[in-house]
Amino acid sequence: MKDIIIDKPTVTQKNINKKVINKFNASLSQWWGPYNIFKPLHHINLTRFNYIIEHSNGLFGKKVLDVGCGGGILSESMAQAGAKVIGLDISTSALEAAKLHALNQGLNIYYTQETVKNHAINHINYYDVITCMEVLEHVSDPISIIYACSTMIKINGSVFFSTLNRTFKSWLLIIIGAEYFLRLIPKGTHDFNKFITPSELLKWIDSTILEEQNITGLHYNPFTNKCTLIHNIDINYILHTQRK
């Protein structure tokens with residue numbers, strides 16, 4: 001079984017939201033157990049993963065950075081597809097959960113506790129693929145994360161962002177429905193004011209060397225646990241960009 005390393009440099013950047021970190025500081029059982037609090041992420045993972053595979057022309061042998069990897073749900077899928085995965089997060093316990101689970105699966109993943117900005121300093125033009133799933137709506141300065149990702153990607157490399165649209169429908173379904181009514185996720189996980197419209201995200205992308213390639217909506221049914229890609233981007237959406 002191969003070793004999995006967690007690197008722990010000093011974390012001091014302004015994007016660190018202690019309230020958010022505390023909500024995501026979950027144990028291994030909370031991330032991967034039968035009654036884990038992140039079940040919706042497990043249910044949508046395959047759909048997001050397949051989208052990444054399709055639009056990146058496969059991951060085998062590629063260097064991949066998973067920004068905001070949490071407990072390693074997407075990181076593990078990409079490693080199983082043959083990618084050389086680095087999972088980046090600022091939550092100590094989430095990374096510990098990711099490390100332990102990956103060890104049990106025999107996966108070779110490098111996990112590092114570090115901000116994106118710090119990581120970018122030593123990884124310019126380094127990655128073939130970067131994923132940033134459900135991260136931008138939890139930070140105070142999403143533009144800095146987008147810019148850092150744009151500096152780390154190789155020419156013709158793919159960067160994927162997924163986030164929540166700031167609409168009445170997303171407020172109703174995500175905050176009222178998922179957090180307070182169905183209790184699928186902990187109350188207070190999301191701040192509606194930090195939701196990002198596609199036009200805002202595309203404007204930020206245009207300020208970097210990245211170019212939009214595809215945008216699609218993601219629909220999750222909590223009653224059937226089914227997740228599908230749709231044309232409607234009113235709630236959750238995924239954006240594929242490339243460095244040209």
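**Labels and their cut-offs**

Guide: Start with Phe 168, which lies in helix H8. Helices here are DSSP runs of H or I with at least four residues, strands are runs of E with at least two, and both are numbered from the N terminus. This is a predicted model: local features need pLDDT of at least 70, side-chain atom pairs count only at pLDDT 80 or more, and totals for chains, interfaces and linings use all residues. Residues are numbered from 1 along each chain as its sequence is written, and side-chain values use heavy atoms, with hydrogens and water left out.

Visitor: Why is Phe 168 called exposed?

Guide: Its relative accessible area is 59%. Buried means under 20%, exposed means over 50%, and partly exposed lies in between, with a 1.4 Å probe and protein chains only. Therefore Phe 168 counts as exposed.

Visitor: What makes a nonpolar patch on the surface here?

Guide: Phe 168, Trp 171, Leu 172, Leu 173, Ile 176 and Tyr 180 form it. Together they have about 570 Å² of accessible area, by the Shrake-Rupley method with a 1.4 Å probe, where for residues only the protein chains shown count as cover. Patch residues have over 30% relative accessible area and no salt bridge; nonpolar side chains (Val, Leu, Ile, Met, Phe, Trp, Tyr) are joined within 5 Å, like charges within 9 Å.

Visitor: Why is Lys 169 called partly exposed?

Guide: Lys 169 is found in helix H8. Its relative accessible area is 37%.

Visitor: What makes Glu 200 and Arg 166 a salt bridge?

Guide: Their N to O distance is 2.7 Å, so the pair is inside the limit. Glu 200 lies in helix H9 and Arg 166 in the loop between S6 and H8, so the bridge ties together parts 34 residues apart in sequence. Glu 200 is partly exposed at 24%, and Arg 166 is partly exposed at 31%.

Visitor: How many salt bridges does this rule give?

Guide: The count is four. One of them joins Asp 128 and Lys 154, with closest N and O atoms 3.2 Å apart. Asp 128 is in strand S5 and Lys 154 in strand S6, 26 residues apart.

**Inside the fold**

Visitor: Why is helix H4 called largely enclosed?

Guide: Seven of its eight residues are buried, so the rest of the structure largely encloses H4. They are Ile 73, Leu 74, Ser 75, Glu 76, Ser 77, Met 78 and Ala 79. Just after H4, Gly 82 takes a positive phi of about 95°.

Visitor: How do you know that H7 is mostly covered?

Guide: Eight of its 11 residues are buried. Among them are Pro 142, Ile 145 and Met 152. The buried residues of H7 pack against S2, H6, S5, S6, H9 and S7.

Visitor: Which residues touch the most other members of the largest nonpolar core?

Guide: Leu 65, Ile 130, Leu 136, Ile 145, Phe 161 and Leu 201 do, in a core of 27 residues. H7 gives this core its largest share, five residues. A nonpolar core is a set of buried Ala, Val, Leu, Ile, Met, Phe, Trp, Tyr and Cys residues joined through side-chain atoms within 4.5 Å.

Visitor: What makes S7 and S8 a pair?

Guide: Five bridges join these antiparallel strands. Pairing takes at least two bridges found by DSSP, so S7 and S8 pair. They form a hairpin with four residues between them, and Asn 225 in the turn has a positive phi of about 60°.

Conventions
Contact = heavy atoms within 4.5 Å. Salt bridge = Lys/Arg side-chain N within 4 Å of Asp/Glu carboxyl O.
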